Amino acid sequence: MAGFQEKNGILHVDDIPLPEIAEQFGTPCYVYSASVIRDQYNALKEAMERALPADRQPLLCYACKANSNIAILKLLQGIGSGLEIVSEGELARGLKAGFKGQQIISTSFGKHEAEIEACLAADILQFNIESPEELHNINDTAARLNKCPEVVFRLNPNISGGGHAKINTGKKENKFGNTSDDIMDLYALAANMDHVNPVGVSIHIGSQITQAEAFKPGFEKLAELVERLRDAGFSVTCLDIGGGFPIAYDDNEELLDLDEYASWVRDIILPLDTKIQMEPGRYMVGNSGVLLSKAQYIKTTPSREFLVLNAGMNDLIRPTLYEAYHGIRPVSGHNREIKAYDVVGPICESGDIFAKQREMKTVEKDDLVVIQSAGAYGFAMASNYNSRPLPAEILVDGDKICVINKAQKVEDLMARETIPDWL
Ligand SMILES: Cc1ncc(COP(=O)(O)O)c(C=O)c1O
């Protein structure tokens, strides 16, 4: 079976034992399973195929902020995915991986001129607009380049969605999106511009949305807005219904059902008779990856035992930033006793904690330990804090293995730095 399974007491990724990967490439490193990514993409696609007619299938645009390694992008491009980007860098990655401009949607917040120009030069499918200023900027830039891109306007429905306040994007106090009233004005403004073509509306209310009641009212608000726009004489031919679909970080977690989600798309979005786009990020890649690390020390204090990993918050910041839960387990030694650890990294920050008082099989110095569900917003958010080189990324597909991003070396950290000759 695909993904991360225990065989003969040792955790494997597809056919490969994780200790072999650690031996060959060192730790910490990110390890991804290609088959998990394919399975996730296909499960979403098939849920949509069950719910919607063949000629009304959505364009699934992978939100590559979750994991933008060009090999992962190539994998998804090869199985028919589109792409959602939020920067000039992500555009360049997408093009390098083989996506055509017409498969790419730009949803960035605060798009700047160079980024807009690069998107126009690549002839991308559409811009999702965050503000009137951005609309003006796109129209002006497109005028200079004699283009007329399609634009949609992001709705802020004032609905809370998302697994943590910092990944909630749909409330009125969030910076994202526009009110329905503002979109009525934006549409009118755009209709009078020569170098943008307003075609629809988008929504994205947050990430890791586990509340069933969040998506549905968001879709309903989108539908109300479409009616209003059409009543005012505007044409609406495209709806981008965003990402946010959750993954299980904990084995016992109950998740939204894909078929239920697809049924809301069928009941609320489909009757609006538009093209449909989706932007899943975390869902596609989150459970495809682990951060493979080593137990550097077991430090015992009067109050607790610290499991000190050689991976830190610079490698995976989600627990520090979002108090996010990640499963953590040793790669072998599964018949050992259960113990509670504070699992920490080597960074000089008290917040460098992956888990507090986490019960797991006893770990000994130099044991390999994986932090699970690290394929999304893991390496993509990694940094060089404490002058630590970025870890390698490794892709496994059955018995095939490739280092898709080499680990940095200490020399790399200073490669772009200069000491002025006047010091
Ligand atoms: C506009 C937009 N679309 C899609 C996504 C992807 O979200 P997720 O990874 O939760 O699917 C994000 C994430 O922040 C986003 O801002």
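Q: What covers the buried residues of α4?
A: Their cover includes α3 (70–78), β6 (82–85), β7 (104–106) and α5 (113–121). Covering goes by contact, with C-beta atoms placed from the backbone within 7 Å. Helices (H or I, at least four residues) and strands (E, at least two) are DSSP runs, numbered from the N terminus. This is a predicted model: local features need pLDDT of at least 70, side-chain atom pairs pLDDT 80 or more, while totals for chains, interfaces and linings use all residues. Residues are numbered from 1 along each chain as its sequence is written.

Q: Which residues of α4 are buried?
A: In α4 (residues 88–96), they are Glu-90, Leu-91, Gly-94 and Leu-95. Buried means 20 or more other C-beta atoms within 10 Å of the residue's own. Looking down the axis of α4, these residues fall within an arc of 135° (directions from the axis to the C-beta atoms), so they line one face of the helix.

Q: And what follows α4?
A: Gly-98 does, with a positive phi near 110°.

Q: New topic: in what order do the barrel strands close?
A: Eight strands close as β5-β6-β7-β8-β9-β10-β11-β12, with parallel pairing (at least two DSSP bridges between two strands). From one strand to the next, the twist averages 25°.

Q: Which strands does helix α7 touch?
A: Helix α7 (residues 180–191) packs on the sheet against β8, β9 (150–155) and β10 (197–203).

Q: Which residue is the bridge partner of Ser-106 in β8?
A: That's Phe-127. β7 and β8 (residues 126–129) pair over two bridges, in the parallel sense.

Technical notes. Buried ≥ 20, exposed ≤ 12 C-beta atoms within 10 Å, placed from the backbone. Contact = placed C-beta atoms within 7 Å. Axes fitted to C-alpha atoms, helices over the stretch in contact; angles between N-to-C directions.
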